[in-house]
Amino acid sequence: MDFTQKMRLRGKAEEDLYFAEQDRALIEAVHEMQKKGEIDNWHKPTRRNEQAKSQ
């Protein structure tokens, strides 16, 4: 593995860590909103899901 490949991998690892931290923060925020009762479900049922339930 040459220097260029190592630097590319290092940059990718830093990027992965950054976005993983962002994802954890967003998930934690959604959980806090659910605990406070600010949201019940964060998604809206799709038309396909509604049709499947009625059958």
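Student: Let's start with one residue. Is glutamate 14 buried, partly exposed or exposed?

Tutor: This is a predicted model, so keep that in mind throughout. Glutamate 14 has a relative accessible area of 45%, so it is partly exposed.

Student: What does the side chain of glutamate 14 meet in a salt bridge?

Tutor: The side chain of arginine 10, with an N to O distance of 3.2 Å.

Student: OK. How many salt bridges does a search of the whole structure find?

Tutor: Four. One of them joins aspartate 16 to lysine 12, with the closest N and O atoms 2.9 Å apart. These two residues are also in helix α1, four residues apart, about one turn.

Student: And how accessible are aspartate 16 and lysine 12?

Tutor: Aspartate 16 has a relative accessible area of 39%, which makes it partly exposed. Lysine 12 is at 46% and is partly exposed.

Student: Which residue does arginine 24 form a salt bridge with?

Tutor: Glutamate 21, where the closest N and O atoms are 3.3 Å apart. Here the spacing is three residues within helix α1, about one turn of the helix. Arginine 24 is partly exposed at 49%, and glutamate 21 is partly exposed at 43%.

Student: Changing topic. How many aromatic pairs are there?

Tutor: The count is one aromatic pair. Tyrosine 18 and phenylalanine 19 form it, with 5.1 Å between the ring centres and 80 degrees between the planes, in an edge-to-face arrangement.

Student: Why edge-to-face?

Tutor: Because the planes are 80 degrees apart, and an angle over 60 counts as edge-to-face.

Student: Are tyrosine 18 and phenylalanine 19 buried, partly exposed or exposed?

Tutor: Tyrosine 18 is partly exposed, at 47% relative accessibility. Phenylalanine 19 is partly exposed too, at 45%.

Student: What follows α1?

Tutor: Glycine 37 comes after α1, and its phi is positive, near 80 degrees.

Definitions and conventions: Residues are numbered from 1 along each chain as its sequence is written. This is a predicted model: local features need pLDDT of at least 70, side-chain atom pairs count only at pLDDT 80 or more; totals for chains, interfaces and linings use all residues. Side-chain values use heavy atoms; hydrogens and water are left out. Rings of Phe, Tyr and Trp (its six-membered ring) pair if their centres lie within 6.5 Å; planes under 30 degrees apart count as stacked, over 60 as edge-to-face and the rest as tilted. Buried means under 20% relative accessible area, exposed over 50%, partly exposed in between (1.4 Å probe, protein chains only).
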